[in-house]
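Please look through the sequence and the 3D structure shown here before reading the notes that follow.

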Amino acid sequence: MRRCIKQPIPEIFAAWDAMKEAAEEHVRGDFVRAEALFRQADSPKVWEWLNSAWVGVTKNVVEMKPAGDTSVIPKSERDPDRNIAPHIRKAVLERDGYQCRYCGIPVVHADIRKIAAKLYPASVGWNNRDASKQHAGFQCLWLQFDHVEPHSHGGRSSTENVVISCALCNFGKDRFTLRQLHVEDPRLREPEHTGYDGLELLREFAVPKPRVPKAKKPAVDLCLSVQPAAGTERYFIPGAWVSSGYLLTPIIEGKSRWFKLSEEVKAEYAVRNGVGGCILVCHPKLLERRGINGALLLDTH
Ligand SMILES: [Zn+2]
């Protein structure tokens, strides 16, 4: 018997370290460093480790018909809730923490990956239909809720039968039983709680969808083609967005700030060094008033 289908490689933990540091740098406001770290975590070795095991999963089976194994039961007899209810997910996550119960690697919720991909579109690539265009770190550490006993074999969507797992341990296991895979039952071990935090500190940076009223003049003022007014400066604010005539910033030193767009205050979407955000053209005093150090944000593009 083995603990998991495939032994994790050190590069996975290196990718996790880079992602964790990236999230911390983002919170600190060093967006360029955060971008570089997310890029670093997109490791080809990690990608290969996962993708060679979750495609053609039958090869992960050690014994197709082990003695005493469960078998597929009629659909009418299965748990009608194939999807795991939110309160079960919450309880399982609280019990297991952000760590795969099989192989022990850290895991990150898909919500967090979506936030990171919005903040850093150039380094956190994600295409749902094409695994080759998915960031290796987020792909490998993708938090799953795994039915230990397969749903098709009568496994319930309950806290007793569901554990937190990584992408490989869930998708690589597919419809097969632990006996078929020669994998130990993770429920016989206590959850380890090694302190992985699932990068949840990024959750507060979720960018709401801009609500631009329809059939009205677009709220975004194109400023790059316009000569800036005297006394104004051009800033690049990573992660900022424009909505209904306002530029809104991500959390800077504890809070989000907003600027009302006008003749003197103009904004436009832009990407700098792979980081998405907004160009803001305005008088430096507007940033000063909001306690933002404008010198760090001057757009030198
Ligand atoms: Zn795992």
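Two residues are said to be in contact, or to touch, if their C-beta atoms, placed from the backbone, lie within 7 Å. This is a predicted model, in which local features need pLDDT of at least 70 and side-chain atom pairs count only at pLDDT 80 or more, while totals for chains, interfaces and linings use all residues. Residues are numbered from 1 along each chain as its sequence is written.

**A residue in a loop**

- With residues up to four places away in sequence left out, Glu264 touches Ala229, Thr232, Cys282 and His283.
- Helices (H or I, at least four residues) and strands (E, at least two) are DSSP runs numbered from the N terminus, and Glu264 lies in the loop between β6 and β7 (266–272).
- A residue counts as buried if 20 or more other C-beta atoms lie within 10 Å of its own, as exposed if 12 or fewer do, and as partly exposed in between, with the C-beta atoms placed from the backbone.
- Glu264 is partly exposed, because 13 other C-beta atoms lie within 10 Å.
- Glu264 and Gly231 are 33 residues apart along the chain, and their C-alpha atoms are separated by 9.9 Å.

**The two domains**

- The domain assignment, whose bounds come from an automatic or database source, gives domain 1 (10–205) and domain 2 (207–301).
- The centres of domain 1 and domain 2, taken over C-alpha atoms, are separated by 37 Å.
- Their contact takes 12 residues from domain 1 and 11 residues from domain 2.
- On the side of domain 1 that touches domain 2, α2 (31–40) and α5 (110–119) each supply at least two residues, and the largest share, three residues, comes from α2.
- The residues of this side of domain 1 divide into seven nonpolar, two polar and three charged, where Ala, Val, Leu, Ile, Met, Phe, Trp, Tyr, Cys and Pro count as nonpolar, Asp, Glu, Lys and Arg as charged, and the others, Gly among them, as polar.

**A helix with a buried side**

- In helix α3 (residues 44–51), the residues Val46, Trp47 and Leu50 are buried.

- Two strands pair if DSSP finds at least two bridges between them, and three strands form an open sheet in the order β4-β5-β6 with antiparallel pairing.
- The edge strands of this sheet are β4 (241–243) and β6 (258–260), each of which pairs on one side only.
- Three bridges join β4 to strand β5 (residues 246–248), and these two strands run antiparallel.
- Within this pairing, Val242 has Leu247 in β5 as its bridge partner.

**Strand β8 and its partners**

- Strand β8 (residues 275–282) is mostly covered, as eight of its eight residues are buried.
- Strand β3 (residues 233–238) is joined to β8 by six bridges, and the two run antiparallel; Ile237 stands opposite Cys278 in β8.
- Seven bridges join β7 to β8, which also run antiparallel, and Arg272 stands opposite Val275 in β8.
- β7 and β8 form a hairpin with two residues between them, and in its turn Asn273 has a positive phi of about 50°.
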